[in-house]
Amino acid sequence: RPSMMGPRTNTETLEDKHVITLATPGVSRDDIRVDVEDGRLTISFDQENSENSNYRFQNSFEKSWSLGDNIDLDNIKADYSDGVLIVEVPKADKVIPTARRIEIN
């Protein structure tokens with residue numbers, strides 16, 4: 001189960017994308033949310049467990065990352081397998097400025 005500090009998180013910056021990996025054992029895929037809003041990527045989950053009618057506990061987590069201007073928001077992907085969430089945030093193609101002469105009026 002995730003610790004009191006939250007799940008283990010690793011972020012990696014590659015040439016063409018950023019990769020965020022979270023270890024979330026015991027958390028159901030349906031309880032995890034990955035949202036992008038106002039230039040921020042947020043990963044969260046909120047899970048209530050009651051293994052016994054006398055005991056209940058709430059397991060919740062939320063972490064956000066600011067996204068830069070060079071992110072391809074339409075192609076962010078998330079995959080969940082065996083208690084590990086992997087979110088790939090592709091970088092947008094770099095715009096190569098073309099050389100041109102500016103006319104003086």
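Which residues is L41 in contact with, leaving aside its neighbours within four places in sequence? They are I20, V34, D35, V36, K63, S64, W65, L67, V87 and V89. The model is predicted, and its chain has 105 residues. The secondary structure comes to 7 strands and 0 helices.

**Overall make-up**

- Along the sequence, the elements follow the pattern β-β-β-β-β-β-β.
- Buried residues make up 26% of the 105 residues of the chain.
- The chain exposes about 8,400 Å², and 44% of this area is supplied by carbon and sulfur atoms.
- Of the contacts between residues at least 6 apart in sequence, 42% join residues that are at least 24 apart.

**Nonpolar core**

- The largest nonpolar core has 15 residues.
- Within this core, the residues that touch the most other members are I20, L22, I32, L41, I43, L85 and V87.
- At least two core residues come from each of these strands: β2 (17–23), β4 (40–52), β5 (55–66) and β7 (84–90).
- In soluble globular proteins, nonpolar side chains tend to be buried together.
- L41 is one of the core residues named above, and its contacts include the core residues I20 and V87.
- The contacts of L41 also include D35 and K63.

**A buried loop residue**

- T24 lies in the loop that runs between β2 and β3 (32–37).
- Is T24 buried or exposed? T24 counts as buried because its relative accessibility is 1%, and the cut-off for buried is under 20%.
- Not counting residues up to four places away in sequence, T24 touches P7, I32, F45, Y80, G83, V84 and L85.
- Of these, I32 and L85 are among the core residues that touch the most other members.

**Salt bridges**

- The structure holds 2 salt bridges.
- One of them joins the side chains of E88 and K17, at 3.4 Å from N to O.
- This pair links distant parts of the chain, with E88 in strand β7 and K17 in strand β2, 71 residues apart.
- E88 is partly exposed, with a relative accessible area of 26%, and K17 also counts as partly exposed, at 21% relative accessibility.
- Another salt bridge is formed by the side chains of D35 and R33, at 3.2 Å from N to O.
- D35 counts as partly exposed, since its relative accessibility is 28%; D35 is also one of the residues in contact with L41.
- Side chains of opposite charge can pair when their charged atoms come close.

Conventions:
Residues numbered from 1 in each chain as written. Predicted model: local features only at pLDDT ≥ 70, side-chain atom pairs only at ≥ 80, totals over all residues. Heavy atoms only, no water. Helix = DSSP H or I, 4+ residues; strand = E, 2+ residues; numbered from the N terminus. Buried < 20%, exposed > 50% of the residue type's maximum accessible area, 1.4 Å probe, protein only. Contact = heavy atoms within 4.5 Å. Areas by Shrake-Rupley, 256 points an atom, 1.4 Å probe, with all protein chains shown as cover. Core = buried A, V, L, I, M, F, W, Y, C linked by side-chain atoms within 4.5 Å. Salt bridge = Lys/Arg side-chain N within 4 Å of Asp/Glu carboxyl O.
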